[in-house]
Amino acid sequence: HYLKEIKNVIEKATFTYVRQKKMLGLGDAILTAEPLIGNNPFAVILADDLCDCKNNGVISQLIDIFNKYKCSVVAIEEIPLSETNKYGIIAGDLIDNNNGIYQVTDMIEKPESTDAPSNMAIIGRYILTPDIFDILKTIKPGLGKEIQITDALLTQAKKGKVIAYKFNGKRFDCGTVNGFVNATNHFAAKLAI
């Protein structure tokens with residue numbers, strides 16, 4: 001059954017890839033994809049964040065937000081303040097309380113809890129506008145001497161061009177052992193139903 005589904009995806013899709021030659025940060029990794037993307041908005045999905053949604057997936061939810069606001073959109077979730085040093089953290093003005101939509105006013109990459117502007121963390125789902133490439137080409141390396149997507153997004157946010165959205169669903173941080181085990185148990189339990 002699963003093999004048939006995978007073969008179906010492979011037959012319907014075209015896969016193209018680029019390789020990041022040096023580990024210079026997520027911003028640099030995104031910049032390497034510019035020749036494939038051109039002047040189009042695009043999605044970024046980080047594989048270590050696994051999301052489970054009852055209806056539309058996180059990217060589908062972000063596309064709906066993008067279609068309304070026509071700017072970059074990041075998925076966020078509230079985290080314990082003690083974990084802010086693991087994420088890009090945003091500050092923003094709530095513009096749609098019913099749907100958890102914020103106009104981003106500030107963001108910082110992996111701040112200590114005392115420096116964090118909030119407890120709203122960016123998770124590994126983005127819709128980005130193509131002007132991000134020009135910004136990525138000019139920003140200086142940030143935290144860890146890497147090109148940080150958070151720094152590029154902050155440039156857009158200062159122009160009112162970044163929306164943050166508290167997505168509907170559950171996220172598992174599969175970059176950690178506990179997160180991976182929790183995700184495995186969650187999906188195993190769903191299959192057992």
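## Cysteines

In this predicted model, the sulfur of Cys 51 has as its closest cysteine sulfur that of Cys 53, at 5.9 Å, which is too far for a bond. Since a disulfide requires two cysteine sulfur atoms within 2.5 Å, the separation of 5.9 Å between Cys 51 and Cys 53 rules this pair out. Cys 174 is likewise in no disulfide, its nearest cysteine sulfur being that of Cys 51 at 9.1 Å, and a search of the whole structure finds zero disulfides.

Cys 174, at 22% relative accessibility, counts as partly exposed.

## Strand β3 and its partners

Strand β3 covers residues 72-78, and six of its seven residues are buried, so the strand is largely enclosed by the rest of the structure. Strand β7 (residues 162-166) pairs with β3 in the parallel sense over five bridges, and within this pairing Ile 76 has Lys 166 of β7 as its bridge partner. Strand β6 (residues 120-128) is also joined to β3 by five bridges, but here the two strands run antiparallel; in β6, Ala 121 is the bridge partner of Glu 77.

Glu 77, which has its place in strand β3, is buried, with a relative accessible area of 19%. The side chain of Glu 77 makes a polar contact of 2.6 Å with the side chain of Arg 171. When neighbours within four places in sequence are left aside, Glu 77 is in contact with Asn 119, Met 120, Ala 121, Ile 123, Phe 167 and Arg 171, a list that includes both the bridge partner Ala 121 and the polar partner Arg 171.

## Nonpolar cores

The largest nonpolar core holds 28 residues, of which Leu 128, Ile 132, Ile 149 and Leu 153 touch the most other members. At least two residues of this core come from each of β1, β3, β5, β6, α5, α6 and β7, and α6 gives the most, with five residues. Ile 132, leaving aside its neighbours within four places in sequence, is in contact with Phe 42, Ile 149, Ala 152, Leu 153 and Gln 156. Apart from this core lies another one, of 16 residues, among them Ile 65, Ala 75, Ile 101 and Tyr 165.

As general background, nonpolar side chains in soluble globular proteins tend to be buried together.

## Aromatic pairs

The structure holds two aromatic pairs. In one of them, the rings of Phe 42 and Phe 133 have centres 5.2 Å apart and planes at 5 degrees, so the pair is stacked.

## Ala 91 in strand β4

Ala 91 has its place in strand β4, which spans residues 88-96, and with a relative accessibility of 15% Ala 91 counts as buried. The C-alpha atoms of Ala 91 and Ile 108, residues that are 17 apart along the chain, are separated by 8.9 Å.

## Positive phi in two loops

Lys 110 has a phi near 50 degrees, a positive value in a residue other than glycine, and lies in the loop between β5 (101-109) and β6. With a relative accessible area of 38%, Lys 110 is partly exposed.

Lys 145 also has a positive phi, of about 60 degrees, although it is not a glycine. Its place is in the loop between α5 and α6 (149-157), and with a relative accessible area of 73% Lys 145 is exposed.

Conventions: Residues numbered from 1 in each chain as written. Predicted model: local features only at pLDDT ≥ 70, side-chain atom pairs only at ≥ 80, totals over all residues. Heavy atoms only, no water. Helix = DSSP H or I, 4+ residues; strand = E, 2+ residues; numbered from the N terminus. Buried < 20%, exposed > 50% of the residue type's maximum accessible area, 1.4 Å probe, protein only. Phe/Tyr/Trp six-rings, centres within 6.5 Å; stacked < 30°, edge-to-face > 60°. Pairing = 2+ DSSP bridges. Polar contact = N/O pair within 3.5 Å; in protein donor to acceptor, adjacent residues only side chain to side chain. Contact = heavy atoms within 4.5 Å. Core = buried A, V, L, I, M, F, W, Y, C linked by side-chain atoms within 4.5 Å.
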